[in-house]
Amino acid sequence: MTTPATGPATGPATGPAAAPGRRLIRAAHIIAFQDGRHVHLRDGCLVTEGDVIAHVGPSFDGPADEIIDWPGIVTPGLINTHAHIAGSPLDKSFVEDRGPRQFYLSGLFEFLPARERAMTPEAPGACIDFSVPELLTTGTTTIMEIGIRGEKTIEACTRHGLRAYVGQGFRSGRWFTDDGKTVQYQWFEDEGREAFEGSVAFCEAHENTHDGLIKTFITPMQIDTVTEAMLKRSKDAARDLGVPLALHAAQSVNEFQEMARRTGITPIEWLRDIGFLGPELIMGHAIIPGEGSWANWNGSDDIGILADTGTHVAHAAWVFCRRGIAMESFARYRERGVNMTIATDTCPQSMLEALRWTAVISKVVDRRTETATAADVFEAATLGGAKALGRDDLGRIAPGAKADLILWKGASLSMTPLRDPLKNIVFNAAPGDIDTVIVAGRMVVEGGQVPGFDETAACAKLQGAAQAMWDNMGSGDWAGRTVDALSPQSLPPFR
């Protein structure tokens with residue numbers, strides 16, 4: 001259900017300009033919402049009043065403070081349900097083409113700890129300042145950020161006008177490897193409880209603030225790094241606060257095997273048995289169910305459990321398929337009744353790429369063309385995300401919905417010829433085809449650019465943070481390897 005904006009009106013002084021009183025947008029193609037689904041409105045219009053949509057239809061005869069005649073496509077903004085913007089840009093030029101077979105191709109156990117330990121204190125800020133404009137210019141209008149840099153995330157999101165759900169992660173332990181062969185765990189439950197209490201306090205302080213642009217959620221980090229007691233406290237806290245709940249689970253074969261060793265059942269079966277699953281939970285990534293070929297756990301019906309409990313899945317295709325791992329499959333989860341949502345998780349932080357890889361990989365896995373269609377994946381990135389967040393005012397163009405919109409070019413090298421807007425967006429569009437992004441009625445991207453964003457400075461800052469991390473990689477890697485030893489260059493140097 002929609003939550004009214006009751007928090008303090010603390011909108012950013014340096015953010016986008018205030019929404020006009022009434023804006024009329026006339027467009028060749030509008031992906032509108034009618035009878036519970038998206039529909040294609042040709043040569044229609046929509047009207048926004050402040051931060052909400054007031055009218056959608058073939059015409060509008062009333063006055064307007066601003067009129068936009070748009071020859072292309074207007075869609076609702078995209079909802080990105082799983083991201084780590086304080087570190088993900090530093091995956092670039094580092095994690096690709098690498099995935100140890102003893103960790104079933106996952107980079108979680110060597111590459112992620114090495115990256116985190118080698119990052120300088122300034123690196124997360126550089127990542128966040130880079131990430132928010134990247135997200136906006138590639139289709140995200142609502143982000144769910146999982147991290148520990150909540151205050152900085154809120155500052156950057158409100159400065160640029162990105163709608164954000166911000167969660168402060170916590171855990172009872174951490175994984176590590178000290179030999180590159182096995183995954184081990186170190187536990188620190190007292191620190192974990194303090195982090196949990198800090199996360200709850202963060203939610204209490206920031207929920208529904210900045211004119212409703214900022215909301216929060218409770219996010220224990222990973223199923224294998226959080227105790228049963230902490231998971232139960234987390235669910236209780238989310239219920240008491242009235243906020244969503246998120247958890248990484250079924251994301252690697254090693255995690256699956258560890259949880260099966262501890263409990264004798266699959267991770268998803270265990271979460272069901274302890275009462276953690278349900279419609280308030282958004283599970284990232286649920287890509288290793290027991291019945292899948294990666295686990296091959298005889299007699300499992302994990303996908304059915306997710307569907308029957310109303311648990312949502314945040315699917316980030318690229319982070320897995322770049323290592324040769326594929327969900328089996330987006331279409332099968334959806335057909336079984338799981339509410340699927342779309343996420344970026346890592347770089348590139350582009351919902352365009354997320355939509356495309358979700359559709360294509362599902363078709364490849366299922367060997368079916370007429371599945372994971374453009375309409376299916378677009379629905380997951382809009383209505384699916386809205387449902388997971390309990391919002392009937394996001395992910396759609398309908399009266400009463402928030403004025404979160406994307407104006408796409410209809411004529412470009414990638415978008416011409418145009419007959420079916422969703423097919424062009426999912427299978428052909430480039431970031432440059434996103435001309436205008438509107439969040440809560442405010443223009444946050446104009447002409448493909450984020451107002452007030454110095455791209456050159458942000459790139460230089462991120463490059464410096466990356467170089468410092470690469471230079472320091474040996475301090476974070478279990479074997480003390482240099483970045484070139486851990487992640488060899490694609491080509492030998494010129495001599």
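**Figure 1. The second largest pocket of the predicted model.** This pocket has a volume of about 380 Å³. Its lining counts 21 residues. Closest to the pocket centre are Arg37, Ala374, Ala375, Asp376 and Leu422.

**Figure 2. Elements around the second largest pocket.** Two or more lining residues come from each of β2 (37-49), α12 (374-388) and α13 (421-427). Strand β2 gives the most, with five residues. By class, the lining of this pocket divides into 10 charged, seven nonpolar and four polar residues.

**Figure 3. The largest pocket.** About 1,100 Å³ of space lies here. The lining of the largest pocket is made by 45 residues. His84, Leu112, Arg115, Glu116 and Met221 are the closest to the centre of the largest pocket.

**Figure 4. Elements and residue classes in the lining of the largest pocket.** Four elements each supply at least two lining residues: α1 (111-118), β6 (140-147), β8 (173-176) and α9 (317-321). Which element provides the largest share of this lining? Helix α1 does, with six residues. The lining of the largest pocket holds 19 nonpolar residues, 15 polar ones and 11 charged ones.

**Figure 5. An open sheet of four strands.** The strand order is β5-β6-β7-β10, and the pairing is parallel. Strands of a sheet pair through backbone hydrogen bonds, either parallel or antiparallel. Strands β5 (78-83) and β10 (214-217) form the edges of this sheet. Each edge strand pairs on one side only. On average, neighbouring strands of the sheet are turned by 15 degrees against each other, direction ignored. Strand β6 of this sheet also supplies at least two residues to the lining of the largest pocket.

**Figure 6. Strands β7 and β10 side by side.** Strand β7 covers residues 163-168. How many bridges join β7 to β10? Four bridges do, and the two strands run parallel. In this pairing, alanine 164 stands opposite isoleucine 214 of β10.

**Figure 7. Helix α3 packed on the sheet.** Helix α3 spans residues 150-160. Which strands does α3 touch? The helix touches β6, β7 and β10. The direction of α3 makes about 175 degrees with that of β7.

Methods:
Residues numbered from 1 in each chain as written. Predicted model: local features only at pLDDT ≥ 70, side-chain atom pairs only at ≥ 80, totals over all residues. Heavy atoms only, no water. 1 Å grid on protein atoms, 1.4 Å probe; cavity = no way out; pocket = protein on both sides within 12 Å on 5 of 7 lines; lining within 4 Å. Points joined across faces, edges and corners; volume = space filled by probe spheres on them. Nonpolar A, V, L, I, M, F, W, Y, C, P; charged D, E, K, R; others polar. Pairing = 2+ DSSP bridges. Axes fitted to C-alpha atoms, helices over the stretch in contact; angles between N-to-C directions. Contact = heavy atoms within 4.5 Å.
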